[in-house]
Amino acid sequence: MAPMTTLSTQIRTLFSARGTVMVDVPVLQPADPFLDMAGEDLRRRIFLTESETGEQLCLRPEFTIPVCLDHIASRAGTPRRYGYVGEVFRQRRDGPAEFMQAGIEDLGDPEIARADARAIADAHALLAHALPDAELSVTVGDHAVFEAVLAALGLPPGWQKRLARAFGAPEQLSAALADLSGPPAKEKAENSRPDIVASGLDALTAHIAAEMEKTGLSTSASRTPEEIARRLIEKTELQKVRLPDEALSALKTFLDIDAPLAEAPRRLQDFADEAGLVIDRALVAFSQRALAILAEGLPAASIRYDAAFGRPLDYYTGLVFEIAAPGEARPLAGGGRYDRLLTMLGATAPIPGVGFSVWLDRIEALRGGQG
């Protein structure tokens, strides 16, 4: 039996023992959910096509959105845990565009801390089984704590949105902080016509659509003219806002927090007290999760909280994490919480969710191709 087939079989057995329902979703997926909700990093790597009726489709670039869509369509009850093993398709610089992933999507568990801890434990168990000699390290971040800090600092909603979008993308976050602390280094070319930007959403949308048509750019392959217009107007408004030095210093101090998970709740509380910020709700949820993760019996010294750590998918709302092996630049597993996603995809009631995926090609590379 081929090594990847052997590993896939072992993963299915492990997932079954952990109470998952194995699911298989179509390779060809509607493109709009990924273009709207997955984030810029994934959006630019998607393989797009069209159906005979003109519907925009894509090759499955990940499993979370398809599994959630399948759950909604099946009208299945919750809580429910779905496991999967299969191919995904993305344009990549460092490997083939077609590769295998496995993971679990945990939907509807009201015990948020328990479900978050279980996601990390499940991912760690898979990797420990596949790579028994590896000293795995876990990095944990939290979108909800970051957004609570932004709100407590009194940033305008537009800035909170921009910084939240940049969370997990260090270059974007650095650029946003630079813009927030002083005048932009240079006027962006896209804002070189302030008269058009100031003319309003409808006029700017029409102008962008005309320019895209003139240059042959598709209005459906990425953001629509209206989306681009909204972003330009938002950027113009954001450029007028500057954060006071004290608040900017507090934000940078927060982003510098990097500590063992066992120490992280105290470090965050100390930061909030010193900065005079009220983020109690986010801190309570963070502390409950930290206790639940540590109770899973994983090596505590190998789990760290990094306040600046995020993952470049727009649908995350709370916990984010990655698991890596020593000396490896790329993670072996990654995941997080996405409590708004199912509602955005059409669920009639909110359904909390958390999940993870594992890169099987990276595991096989470390195993030396041995099944």
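**Aromatic pairs**

In this predicted model, there are 8 aromatic pairs. Two of them are stops on this tour.

Select F254 and F271. Their rings form a tilted pair, 5.6 Å from centre to centre, with 45° between the planes. Now colour by secondary structure. F254 belongs to helix α12 (residues 245-255), F271 to helix α13 (residues 264-275). The two are 17 residues apart, and the pair links distant parts of the chain. Both F254 and F271 are buried.

Next, select F286 and Y305. The ring centres lie 4.8 Å apart. The planes meet at 70°, which is over 60, so this pair counts as edge-to-face. F286 sits in helix α14 (residues 280-294), and Y305 in strand β9 (residues 303-306). Here 19 residues separate the partners, another link between distant parts of the chain. Are these two residues buried or exposed? F286 has a relative accessible area of 2%, so F286 is buried. Y305 is at 0%, so Y305 is buried too.

**Charges over rings**

Select R92 and F99. The charged end of R92 sits over the F99 ring, 3.6 Å from the ring centre. Then select W359 and R362. R362 lies over the face of W359, 4.3 Å from the ring centre.

**Cysteines**

Last stop: select C58 and C68. C58 is buried, at 0% relative accessible area. C68 also counts as buried, at 0%. How many disulfides does the structure have? The count is 0.

Key. Residues numbered from 1 in each chain as written. Predicted model: local features only at pLDDT ≥ 70, side-chain atom pairs only at ≥ 80, totals over all residues. Heavy atoms only, no water. Disulfide = S-S within 2.5 Å. Buried < 20%, exposed > 50% of the residue type's maximum accessible area, 1.4 Å probe, protein only. Phe/Tyr/Trp six-rings, centres within 6.5 Å; stacked < 30°, edge-to-face > 60°. Helix = DSSP H or I, 4+ residues; strand = E, 2+ residues; numbered from the N terminus. Lys NZ or Arg CZ within 6 Å of the ring centre and 35° of its normal.
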